[in-house]
Amino acid sequence: MAEQSRLQQQSIAPVFSLVVEELYKPVHTAQALASTGSLSNLLTDSELDQAVILNHLEQLQENLNMLVFLASEQQQMQFNSDGTTIDLQKENIEWYPKVKAMQGDTVAILGNRENVHLYVDIKVYSEQGDFLGFIGVGKSLQSFWEAFQQYKATHGYDLLFVNNVDEVVLSSHRDFQAQFTDIVNLNELSWFKNAAQELANMENLSSIIIQIEQDDHVVTQFNLPQLDWRVFLISPMAKRQAEINYAFFSHSAQLAAILFFLLLFIYAAFAYQRKSIEARINIDPLTKLANRDKINHWFEEHTEKENSLALIMVDIDHFKNINDLYGHNTGDKVIKEVAKILRSNLGEQDVASRWGGEEFIIFMPNTSLSVASQLAEKIRKDIELNLFTVNSQSLEVTASFGVTQAQRAEKLESIVADADRALYEAKQQGRNRVRKAF
């Protein structure tokens, strides 16, 4: 019994790590993407810039190593990280109305006829509760199968992942590997039909012994409530050990409880990882500064903590000319270099963000207008004196600055508008200067 207990623990415990890494990670990643404004806000735009969306999705795919997609209810278009778009109004688009009609906001479903993937679709709604579309990720069944094969090679056991209509969605057994138009149902398996009633009454993390092709097997079942799925761990058992294993599994309730709490612990660890993913999504990929979504969250967190704060708005002068004369690659290098200068001048509590295009903002908590203006002047000089080179030739780059100070009760839009007016004044007076908003 001790030996059987040891073997059973060795085989079941890794399953939870496997489930978290291969299945819960895509689910948490999709949820993190859907909860981040940088993607969900695109679903509310009346006019979508396809090039910007596809570029953003491509960068996310590179960072996350998963397919990423966005489907807009308003535009009836699907944008994929591989650069393709799909018209959702075509008659052959089956998944969109099907998943839209399903209950729950997180749906895992198979798709892609040529290369079947498991897609995790997250429904997105407006603040008024109106359905906006889907944000999600996709992972190929082949990648799941390869991971399951490594587990099976180590432990010798098969896995079946079954959805709420008893379809085998994922499996370590090649015969049960789902095809787009051919998905195995549990009711097609003789061993399941023979033990269907007993399996239906099983509690989570409980086991029974059944015969599969005249050999005894232990079938352990546990639930994945996030997806409304069940997982069957099918363990072959030698006949000479059958009686010992019958006794062992009848006394394994304590082990099951321990493993259940282990799953909760791993789930909590991945919740932490999900926050880490959200943090990466809130960073501008070109400059590594915070993006607008991050600034909005930061402002909401700090506006009630600080008595006052100063804001510096920065705009690179004649940036369009730089792009036109030297190309967008040079323009990107200039933006990155300016961002580096901004970052080097930040105080411990200050935060800088790429506000859009060649425009940046810096927030300085508990800082006077005078101190903020002095910092803006220092950054202006640093940019003016910095050596920007293009093909070994020097490039003169300057920037204009608008500085303002706000009290705690003011709204972000009002503060940014004040700084923008000061920035406009700096540009009207010849650029490469700092102006304050009083």
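This is a predicted model: local features need pLDDT of at least 70, side-chain atom pairs count only at pLDDT 80 or more; totals for chains, interfaces and linings use all residues.
Residues are numbered from 1 along each chain as its sequence is written. Local features were taken at pLDDT of at least 70 and side-chain atom pairs only at pLDDT 80 or more, with all residues used for totals for chains, interfaces and linings, and side-chain values rest on heavy atoms, without hydrogens and water.

Helices and strands are DSSP runs (H or I, at least four residues, for helices; E, at least two, for strands), numbered from the N terminus. Helix α13 comprises the 17 residues 412-428, and its end C-alpha atoms are 24 Å apart. This agrees with the 24 Å that should be spanned at 1.5 Å a residue, where the expected span is 1.5 Å times one less than the number of residues. Leu412, Ile415, Val416, Asp418, Ala419, Ala422, Leu423, Ala426 and Lys427 of α13 are buried (buried, under 20% relative accessible area; exposed, over 50%; partly exposed, in between; 1.4 Å probe, protein chains only). The cover over these buried residues includes helix α9 (292-302) and strands β12 (308-316), β13 (351-356), β14 (359-365), β17 (399-407) and β18 (434-436). Gly430, which follows α13, has a positive phi, near 120 degrees.

Pockets were located on a 1 Å grid over the protein atoms alone, as open sets of points where a 1.4 Å probe fits, with protein on both sides within 12 Å along at least five of seven lines; lining residues have an atom within 4 Å of a point. The largest pocket has a volume of about 1200 Å³, that is, the space filled by probe spheres set on the grid points, which are joined across faces, edges and corners. Its lining consists of 40 residues, and Trp95, Ile109, Leu110, Gly111 and Tyr119 lie nearest the centre. Strand β4 gives the most to the lining of the largest pocket, with six residues.

Ala30 lies in helix α1 (residues 2-35) and is buried, with a relative accessible area of 0%. Contacts of Ala30 (heavy atoms within 4.5 Å) are made with Val120, Ile122, Gly136 and Val137, leaving out residues up to four places away in sequence. Ala30 and Val120 are 90 residues apart along the chain, yet their C-alpha atoms are separated by 6.6 Å.

Arg230, in strand β11 (residues 229-236), is buried, with a relative accessible area of 18%. The Arg230 side chain forms polar contacts with the side chains of Asp166, at 2.6 Å, and Gln221, at 3.5 Å. A polar contact is a pair of N or O atoms within 3.5 Å; within protein, one must be able to donate a hydrogen and the other to accept it, and residues adjacent in sequence count only if both atoms are side-chain atoms.
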